[in-house]
Amino acid sequence: MRIDIITVLPELLESPFQHSIIKRAQQKGLLEVNLISLRDFAVNKYGTIDDYQYGGGAGMVMMCEPIANCIDKLEGERDYDEVIYMTPDGSPMNQQMMNSLSLRSNFIILCGHYKGIDERIRELYITKEISIGDYVLSGGELAAAVFVDAIGRLLPGVLNDETSALSDSFQDNLLSPPVYTRPENFRGLNVPEILLSGHEAKIQEWRHTQALERTQCRRPDLLEEE
Ligand code: 6GU
């Protein structure tokens, strides 16, 4: 999978992909993440990429030209499955969306800033708009980092134990059950007896019940979804 991220703040995204699972995914050649500085496509030598909005009002708007030229260049080099715009008014990201996108190969991700991008870019270039939740970030970069992390760990061969992404919270619309490690007793709190029993089937049953109870209690909305 190849993910090309267009951003005015490439420095902000230098560290997030250099650790742990996403770092390993890149080292194994399963994932390639490229940072493209929108500034390189500025309309003048001063690096201008934004301008005042028509109709007045506070806040700058990211201009058409730099974004269009940048995407045109990338699309001239290869085919993309989706051109994604990270924006608080996009479709809310969820596990199902990430599962299905993880089956594709090439993405452009455009990170928004200021008041957002000129609407005509959305009409002409953007194929998918994604939000990571109902709150406002100062730019799309951190949301793009969330996207890369969530999709990267789903690529076959990235996780050591290939089944482990399947047992994540949300994969079956359930939160994960509680987990424990040594010691058996910590400050008077014991590990549930069943987990020490060695009885595989009963342990699975216990975990499922715990997952259901936890979901019912914390996220009843997940149980209503279909
Ligand atoms: Cl994708 N971008 C911004 N700027 N804010 C957000 C978001 C994205 N998702 C939630 N809030």
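I started with the make-up of the shell around the ligand: its residues divide into seven nonpolar, four polar and no charged. For the classes, I count Ala, Val, Leu, Ile, Met, Phe, Trp, Tyr, Cys and Pro as nonpolar, Asp, Glu, Lys and Arg as charged, and the others, Gly among them, as polar.

Ground rules, before I go on. This is a predicted model, in which local features need pLDDT of at least 70 and side-chain atom pairs count only at pLDDT 80 or more, while totals for chains, interfaces and linings use all residues. Residues are numbered from 1 along each chain as its sequence is written, and side-chain values use heavy atoms, with hydrogens and water left out.

**Entry 1, the ligand**

I listed the residues surrounding the ligand: Met86, Thr87, Pro88, Ile130, Ser131, Ile132, Gly133, Tyr135, Leu137, Gly139 and Ala143. A residue gets in if one of its heavy atoms lies within 4 Å of the molecule.

Next I looked up polar contacts (pairs of N or O atoms within 3.5 Å; within protein, one must be able to donate a hydrogen and the other to accept it, and residues adjacent in sequence count only if both atoms are side-chain atoms). A ligand nitrogen has a backbone N or O atom of tyrosine 135 at 2.5 Å. For isoleucine 132, a polar backbone atom is 2.9 Å from a nitrogen of the ligand. Serine 131 uses its side chain instead, with a polar atom 3.4 Å from a ligand nitrogen.

How much of the ligand does the protein bury? Taken alone the ligand exposes 290 Å², and the protein buries 96% of that. These areas come from the Shrake-Rupley method with a 1.4 Å probe; for residues, only the protein chains shown count as cover.

I then asked which elements give two or more residues to the shell, and found β5 (82-92) and β7 (128-131). The largest share, three residues, comes from β5. My element names follow DSSP runs, numbered from the N terminus: helices are H or I with at least four residues, strands are E with at least two.

I went back to serine 131, which sits in strand β7. Buried or exposed? Serine 131 counts as buried because its relative accessibility is 4%. My cut-offs are under 20% relative accessible area for buried and over 50% for exposed, with partly exposed in between (1.4 Å probe, protein chains only). A polar atom of the serine 131 side chain also lies 3.1 Å from the backbone nitrogen of glycine 133. Both serine 131 and glycine 133 are on my ligand list.

Nine of the twelve residues of α5 are buried, so the helix is largely enclosed by the rest of the structure.

At 1.5 Å a residue, the twelve residues of α5 (residues 141-152) should span 16 Å, and the end C-alpha atoms are 16 Å apart, which agrees. The expected span is 1.5 Å times one less than the number of residues.

The protein is divided into domain 1 (2-152) and domain 2 (169-224), with bounds from an automatic or database domain assignment. I get 37 Å between their C-alpha centres.

Where is the cis peptide bond? I found it joining arginine 182 and proline 183, with omega about 5°. Proline 183 is in the loop between α5 and β8 (185-186).

Asparagine 173 lies in that loop between α5 and β8 as well. Its phi is near 60°, a positive value in a residue other than glycine, and asparagine 173 counts as partly exposed at 25% relative accessibility.

Arginine 187 also has a positive phi, near 50°. Arginine 187 belongs to the loop between β8 and β9 (189-190) and counts as exposed at 75% relative accessibility.

Aspartate 118 is in the loop between β6 (106-111) and α4 (119-124). I have aspartate 118 down as buried, at 17% relative accessibility, and its side chain makes a 2.7 Å polar contact with that of arginine 120.

Last, cysteine 217: I placed this one in helix α6 (residues 200-218), exposed with a relative accessible area of 65%.
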